[in-house]
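Visitor: I would like to understand the words used for this model. Could you take me through a few of them?

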Amino acid sequence: MAREATCRTTPERLPLSADRWGELLGRLEVVKGQRGRSLGLRAVLVLAALLGVTMLARSSQNMGQTTFPLLAADLLRLRASTIGVLTAASGAVAVVTMAAVSARVPTRQVRHALVVALVVLAGAFPLVGDAHGLFALTIGILVLGLAGGLVFPALVTAVGGIGGEEVVRGSRDRPIALLGVSLSLGLAIGPFVETAVLALSHANLRTAFRWFALGPLAAALAMAVVIVLGADGSAPVAPPVPVVRVSLRRALADRAFEVALLGQLLYTAPFAAVVVFGALFARHVYGLSLSQVQIAFGVFFAMSFLVRSIVAWRSPIRHKLAWFHLSAVLTLAGLVVLAAGRDMAELLVAMALLGVPHGLTFPLSMGIVAEGRPHSELASVNAHLSAAVQVVNLVLAPVLGLGIDDLGYRVTFALLVLPVAVAAVAQHRVAQRSAGRHQDGEHEAQGSWAAPPVVQGAARRGPAESI
């Protein structure tokens with residue numbers, strides 16, 4: 001091991017630099033005929049375009065997810081349980097798309113698939129906004145789920161696999177963290193853009209949906225530019241890598257995947273509740289206007305953006321398990337304040353508290369997966385991870401809707417502390433078992449979140465410390 005470590009090529013030992021903006025993306029390496037070729041300016045611009053596409057797509061998709069319940073309840077007079085079923089149906093389409101399509105898209109075709117998916121996403125907004133009945137609304141929501149199931153696993157794969165197989169260990173944390181920043185920036189900007197659109201349209205929800213179709217269209221145009229730039233063989237984003245399909249059973253056998261999955265599930269229930277029913281909670285219980293509702297969402301996503309920006313700047317992140325513990329504590333506190341609050345100030349405090357774990361859990365989980373898997377397996381494993389979270393959402397949305405109809409908003413949101421606590425405890429136990437197996441001499445491919453404590457007498461970070 002020691003001899004092998006000393007024989008590494010020079011590019012693998014190059015440190016990350018934060019001094020220049022291009023190197024903020026990491027000293028990523030690509031393979032094209034020879035090892036160690038670094039990314040050029042054109043490739044950096046392509047990556048920047050991918051992050052911009054992520055921002056536009058997530059901003060628009062989030063508007064559809066958070067605002068359609070207002071349209072369904074206030075304009076179509078649908079009950080919370082019906083809204084929950086519609087959300088679950090959209091999630092089911094996303095899961096099927098991820099499992100049947102996204103996991104099978106070859107790496108070299110990801111960008112072309114994104115263009116198609118973004119156009120489909122743009123088409124969903126007028127379908128939802130112009131719906132005047134349950135059937136028409138259902139069609140629009142299903143199309144929204146279809147597009148989401150294509151767009152986001154592909155984006156994670158494209159960004160998380162930057163540079164192919166020859167990147168420095170730990171370097172994949174940074175593009176994944178930057179992806180999280182782009183997602184959060186889109187989420188943070190979206191509510192304030194929607195506030196302006198609502199003000200200009202005199203609080204017309206249907207007009208807001210039509211305007212937000214422009215985001216995915218702009219993203220599709222940007223992806224077309226990315227394809228043109230990437231077609232030049234002098235600076236590809238990543239070399240063509242065939243997709244290696246990983247079964248769900250094999251993925252679950254990996255402790256790193258288990259920790260990442262439980263980290264995502266830790267925040268799934270609160271985020272589903274906030275996205276699907278947060279606007280209705282704020283409007284019908286706290287008595288806020290449509291614009292005030294969007295300000296509350298803006299605080300939530302702005303806090304998430306701030307946290308993810310810090311994660312990106314400080315990546316690769318050590319002590320990942322400790323940060324997951326902090327996320328659990330803040331989530332529990334935010335849910336209590338949200339359920340017990342009485343005015344807009346308390347709602348904003350709750351949304352700020354809940355925004356921090358939203359900013360932490362995604363990049364930490366995605367970073368663990370990216371570090372523990374070769375690039376050729378990322379499409380399949382990322383699809384499994386995203387689909388698993390979506391499956392949980394399929395159950396959560398209708399249950400939350402029924403709970404709101406029967407118990408009310410406050411009690412239903414307060415009960416969400418239970419799944420959060422269960423996921424946090426389960427994640428901690430999985431990490432402890434992994435650390436114990438390492439100490440017993442069983443070595444697993446766990447990436448940077450866990451490593452043997454001692455190699456050849458030299459002190460290294462133990463599993464519990466590096467998680």
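Visitor: Why are α11 and α12 called roughly antiparallel to each other?
Guide: Start with a note: this is a predicted model. Helix α11 spans residues 255-284 and helix α12 spans residues 290-314. They pack at an angle of about 155°. Angles over 145 degrees count as roughly antiparallel. So α11 and α12 are roughly antiparallel to each other.

Visitor: How far apart are the axes of α11 and α12?
Guide: Their axes are 8 Å apart. α11 passes α12 in a right-handed crossing.

Visitor: Which residues of α11 meet α12?
Guide: Tyr267, Phe271, Val274, Gly278, Ala279, Ala282 and Arg283 do. Across from them, α12 brings Leu290, Val293, Phe297, Phe300 and Phe301. Ten residues of this contact are nonpolar, one is polar and one is charged.

Visitor: What makes Asn62 count as buried?
Guide: Asn62 sits in helix α3, residues 41-75. Its relative accessibility is 3%. Buried means under 20%, so Asn62 counts as buried. Leaving aside neighbours within four places in sequence, Asn62 is in contact with Leu187, Val275 and Phe301. Phe301 also belongs to the α12 side of the contact with α11.

Visitor: How do you know that Thr97 is buried?
Guide: Use the cut-off again: under 20% is buried. Thr97 has a relative accessible area of 5%, so Thr97 is buried. Its place is in helix α4, residues 80-100.

Visitor: What does the side chain of Thr97 reach?
Guide: That side chain reaches the backbone oxygen of Val93 at 2.7 Å. Not counting residues up to four places away in sequence, Thr97 touches Ser102, Leu146, Gly149 and Leu150.

Notes. Residues numbered from 1 in each chain as written. Predicted model: local features only at pLDDT ≥ 70, side-chain atom pairs only at ≥ 80, totals over all residues. Heavy atoms only, no water. Axes fitted to C-alpha atoms, helices over the stretch in contact; angles between N-to-C directions. Helix = DSSP H or I, 4+ residues; strand = E, 2+ residues; numbered from the N terminus. Parallel < 35°, antiparallel > 145°, perpendicular 65-115°, else oblique. Left-handed = near helix turned anticlockwise from the far one by under 90°. Contact = heavy atoms within 4.5 Å. Nonpolar A, V, L, I, M, F, W, Y, C, P; charged D, E, K, R; others polar. Buried < 20%, exposed > 50% of the residue type's maximum accessible area, 1.4 Å probe, protein only. Polar contact = N/O pair within 3.5 Å; in protein donor to acceptor, adjacent residues only side chain to side chain.
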